[in-house]
Amino acid sequence: MSNTFESQLSASARRIRKQSESNLSVPETIVTPQKHTRYWGWIATPAAAAVGLLIGLFIHRPAEPSNNYTVPVVVAADNSGHSIVDDGTDYSLLVSL
């Protein structure tokens, strides 16, 4: 290996990096890899959906049919309109056959 300026420079950079890294303090939680736990969302989401479905099925009460068939009556306050027969507009143009 030749003793060029580039090799001296990279060796010096490696020594400085090693010295800088040895002075760093790393918390213990980062040094020790943590045990991977199962992501509870994959379990909780389907469980919540199933519970919601069951609650919805048990709470569902169909409305009682009423025997009172009334039709609401709309009363016009103003009688200023007229029939479409009398307005002279050809409404057959609006319907395509």
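User: Which residue forms a salt bridge with Glu21?

Analyst: Start with the general idea. Side chains of opposite charge can pair when their charged atoms come close. In this predicted model, the partner of Glu21 is Arg17. Their closest N and O atoms are 4.0 Å apart.

User: Where do Glu21 and Arg17 lie?

Analyst: Both sit in helix α1, which covers residues 5–22. Four residues separate Glu21 from Arg17, about one turn of the helix.

User: How many salt bridges does a search of the whole structure find?

Analyst: The search finds one.

User: What does the side chain of Ser22 have close to a polar atom?

Analyst: The backbone oxygen of Gln19 lies 2.7 Å from a polar atom of that side chain. Ser22 belongs to helix α1. Ser22 is exposed, with a relative accessible area of 55%.

User: Let us step back to the whole chain. How many helices and strands does the protein chain have?

Analyst: Three helices and zero strands. Read from the N terminus on, the order is α-α-α.

User: What share of the residues is buried?

Analyst: Buried residues make up 1% of the 97 residues in the chain. The chain exposes about 10,200 Å². Carbon and sulfur atoms supply 62% of that area.

User: Which residues make the nonpolar surface patch of about 570 Å²?

Analyst: Ile84, Val85, Tyr91, Leu94 and Val95 make this patch. Take Leu94 as an example. Leu94 is found in the segment after α3, the helix of residues 41–59. Its relative accessible area is 71%, so Leu94 counts as exposed.

User: How should I read the confidence? Where is it lowest, and where highest?

Analyst: General idea again. Where pLDDT is low, the predicted coordinates should not be read in detail. In this chain, confidence is lowest in helix α2, residues 28–31, at a mean of 62. Confidence is highest in α1, at 90.

User: What is the mean pLDDT of the protein chain?

Analyst: The mean is 76. Of the chain's residues, 64% reach 70 or more.

Key:
Residues are numbered from 1 along each chain as its sequence is written. This is a predicted model: local features need pLDDT of at least 70, side-chain atom pairs count only at pLDDT 80 or more; totals for chains, interfaces and linings use all residues. Side-chain values use heavy atoms; hydrogens and water are left out. A salt bridge is a side-chain nitrogen of Lys or Arg within 4 Å of a carboxyl oxygen of Asp or Glu. Helices (H or I, at least four residues) and strands (E, at least two) are DSSP runs, numbered from the N terminus. Buried means under 20% relative accessible area, exposed over 50%, partly exposed in between (1.4 Å probe, protein chains only). Accessible areas come from the Shrake-Rupley method with a 1.4 Å probe; for residues, only the protein chains shown count as cover. Patches are made of residues with over 30% relative accessible area and no salt bridge: like charges are joined within 9 Å, nonpolar side chains (Val, Leu, Ile, Met, Phe, Trp, Tyr) within 5 Å. pLDDT is the predictor's confidence in each residue, from 0 to 100. A polar contact is a pair of N or O atoms within 3.5 Å; within protein, one must be able to donate a hydrogen and the other to accept it, and residues adjacent in sequence count only if both atoms are side-chain atoms.
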